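Dear colleague,

Please find below the structure that I am handing over to you. My findings follow it, arranged by topic.

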Amino acid sequence: VPQFSIGLPKDIELTLRGMPATDLGDLGKLTYFGFGGKIGLNQFIPLPNIVLPRIAVGYCMTSLGIGDIMNMKNSIATLQVSKSIPFLTVYGGFGLESSSLDVDYTYTDGLTSTPVNFSLDGDNKFRTIVGLRLKLAILSINADYNIGKFNTVNIGAGLTLR
């Protein structure tokens, strides 16, 4: 999914991710959208930056929908820490997260119609992340491991103009 982030003054970063709505015929439209932001905390700590790692707090929200049939939401608030040397950044953090799924449709087998309607809240509440980023000119390659209710490995690449 395409993602765009922009760095602003005062060590603020805003992020948008998503894709254009896609028509799924009788099901409605597939929609995917997310946003987030983070702010660096080092500017509020009266110590030289060389002493401390970079510290930030952030929030992200993502929404996925299929017409009026399904709506899924996920959000996470994070505390992030990183330390960089030329070309390499080591990072980690902790996050408090939540997710929900709402489903509402009618199943028809030709003879009868059965309403299907339920909501689920995710078991995910807390996440720990550790990772590495390699930056070569404007190319960034990252890999991280997320530890939570379900552990995941993420690998990504992007272009960074900074």
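Where is the place of Lys-10? In this predicted model, Lys-10 sits in the loop between strand E1 (3-8) and strand E2 (12-23).

Ala-137 belongs to the loop between E8 and E9. Its phi is positive too, at about 55°, although Ala-137 is not a glycine. With a relative accessible area of 69%, Ala-137 is exposed.

Thr-15 lies in strand E2. Is Thr-15 buried or exposed? Its relative accessible area is 9%, so Thr-15 is buried, the limit being under 20%. The side chain of Thr-15 makes a polar contact with the side chain of Ser-5, at 2.8 Å. Setting aside neighbours within four places in sequence, Thr-15 is in contact with Gln-3, Phe-4, Ser-5, Gly-34, Phe-35 and Gly-36.

Thr-62 is part of strand E4 (residues 54-66). This residue is buried as well, with a relative accessible area of 16%. Which side chain makes a polar contact with the side chain of Thr-62? The partner is Arg-17, and the distance is 3.1 Å. Beyond its neighbours within four places in sequence, Thr-62 has contacts that include Arg-17, Tyr-32, Phe-33 and Gly-34. Met-72, Lys-73 and Asn-74 are also among the residues in contact with Thr-62.

Two further buried residues come next.

Ile-76 is found in strand E5 (residues 70-85). It counts as buried because its relative accessible area is 13%. Not counting residues up to four places away in sequence, Ile-76 touches Gly-58, Tyr-59, Cys-60, Gly-95, Leu-96, Glu-97 and Arg-127. The C-alpha atoms of Ile-76 and Ser-99 are separated by 8.9 Å, and these two residues are 23 residues apart along the chain.

Val-103 has its place in strand E6. At 9% relative accessibility, Val-103 is buried. Which residues does Val-103 touch, not counting those up to four places away in sequence? They are Ile-69, Met-70, Val-116, Asn-117 and Phe-118. Between the C-alpha atoms of Val-103 and Met-72 the separation is 8.7 Å, for residues 31 apart along the chain.

The aromatic rings form another topic. How many aromatic pairs does the structure hold? There are two. In one of them, Phe-33 and Phe-35 are tilted, with 6.3 Å centre to centre and 40° between the planes. This pair is called tilted because its angle of 40° falls between the limits of 30 and 60 degrees. Both of its members are partly exposed: Phe-33 has a relative accessible area of 44%, and Phe-35 has a relative accessibility of 35%.

The other pair joins Phe-94 and Phe-126, which are stacked, at 6.1 Å centre to centre and 25° between the planes. This pair links distant parts of the chain, since Phe-94 is in strand E6 (residues 88-108) and Phe-126 is in strand E8 (residues 126-136), 32 residues apart. Phe-94 is partly exposed at 47% relative accessibility, and Phe-126 is partly exposed at 43%.

Rolling a probe the size of a water molecule over the atoms shows where empty space is left. The second largest pocket has a volume of about 200 Å³. Strand E9 (139-147) and strand E10 (152-159) are the elements that give two or more residues to its lining. Which residues line the second largest pocket? Among them are Asn-74, Glu-97, Asn-124, Arg-127, Asn-146 and Ile-147. The lining also includes Gly-148, Lys-149, Phe-150, Thr-152 and Asn-154. By type, the lining of this pocket divides into two nonpolar, six polar and three charged residues.

Asn-74 belongs to the lining and is in contact with Thr-62. Glu-97 and Arg-127 belong to the lining, and Ile-76 touches both.

Yours sincerely,
A colleague

Terms used. Residues are numbered from 1 along each chain as its sequence is written. This is a predicted model: local features need pLDDT of at least 70, side-chain atom pairs count only at pLDDT 80 or more; totals for chains, interfaces and linings use all residues. Side-chain values use heavy atoms; hydrogens and water are left out. On a 1 Å grid over the protein atoms alone, a cavity is a set of points where a 1.4 Å probe fits but cannot get out, and a pocket is an open set with protein on both sides within 12 Å along at least five of seven lines; lining residues have an atom within 4 Å of a point. Grid points are joined across faces, edges and corners, and a volume is the space filled by probe spheres set on the points. Helices (H or I, at least four residues) and strands (E, at least two) are DSSP runs, numbered from the N terminus. Ala, Val, Leu, Ile, Met, Phe, Trp, Tyr, Cys and Pro count as nonpolar, Asp, Glu, Lys and Arg as charged, and the others, Gly among them, as polar. Rings of Phe, Tyr and Trp (its six-membered ring) pair if their centres lie within 6.5 Å; planes under 30 degrees apart count as stacked, over 60 as edge-to-face and the rest as tilted. Buried means under 20% relative accessible area, exposed over 50%, partly exposed in between (1.4 Å probe, protein chains only). A polar contact is a pair of N or O atoms within 3.5 Å; within protein, one must be able to donate a hydrogen and the other to accept it, and residues adjacent in sequence count only if both atoms are side-chain atoms. Contact means heavy atoms within 4.5 Å.
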